[in-house]
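Reader: I have a model open on my screen. Please show me how to read its features.

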Amino acid sequence: MSTQSQVQYLYRLDGRYIKRKLKLLKSQTRRLAKAKLRKARSISLAWYRRQYFLASAYGEMSSSIRRNEDIFISVAIIAIALTYGFIVLATELSYTLFLTTYAFSESSGSNILFISAIIASTLGLTAVWVFA
């Protein structure tokens, strides 16, 4: 090795050079980690801010009612009619379910609670499958 190359690379053999490089690398790593964390937090908060909240829905509903009350009244009447129809349908379906379960348990001689559990789990799994 020549003297010139020894002088050129002599500072790299010093411990201060290695410490300085490690300190620089450590600060760069911290800055990168902070930036990545800040970006991830910003993305998640931006998603949260874009959601449609109940207060926004209430504000839009109240402003639309102030502009045109007739539409609100007709929508309310339709919603009441649909709710009543849904409640009647759900009641009739549950009554039919339990009546069928009772008739099946009487004819087969098994426990009504066991058959009700099987039917309820089947209906639950079907609902989960449909909603998935």
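Author: We go through the fold, a helix pair and a surface patch. This is a predicted model, where local features need pLDDT of at least 70, side-chain atom pairs count only at pLDDT 80 or more, and totals for chains, interfaces and linings use all residues. Residues are numbered from 1 along each chain as its sequence is written, and side-chain values use heavy atoms, without hydrogens and water.

Reader: How many helices and strands does the protein have?

Author: Helices (H or I, at least four residues) and strands (E, at least two) are DSSP runs, numbered from the N terminus. Here there are five helices and zero strands.

Reader: How do I read a helix pair?

Author: Two packed helices are described by the angle between their axes and the distance between the axes. Axes are lines fitted to C-alpha atoms, for helices over the stretch in contact, with angles from 0 to 180 degrees between N-to-C directions. The axes of α4 and α5 (residues 112-131) come within 9 Å and cross at roughly 135 degrees.

Reader: Which residues form the nonpolar patch on the surface?

Author: Patch residues have over 30% relative accessible area and no salt bridge; like charges are joined within 9 Å, nonpolar side chains (Val, Leu, Ile, Met, Phe, Trp, Tyr) within 5 Å. A salt bridge puts a side-chain nitrogen of Lys or Arg within 4 Å of a carboxyl oxygen of Asp or Glu. Areas use the Shrake-Rupley method with a 1.4 Å probe; for residues, only the protein chains shown count as cover. Y58, M61, F72, I73 and I77 form the patch, with about 520 Å² of accessible area together. α4 gives the most, three residues. Y58 lies in α3.

Reader: How much of the protein's accessible surface belongs to carbon and sulfur atoms?

Author: The total is about 12,200 Å², and 69% belongs to those atoms.
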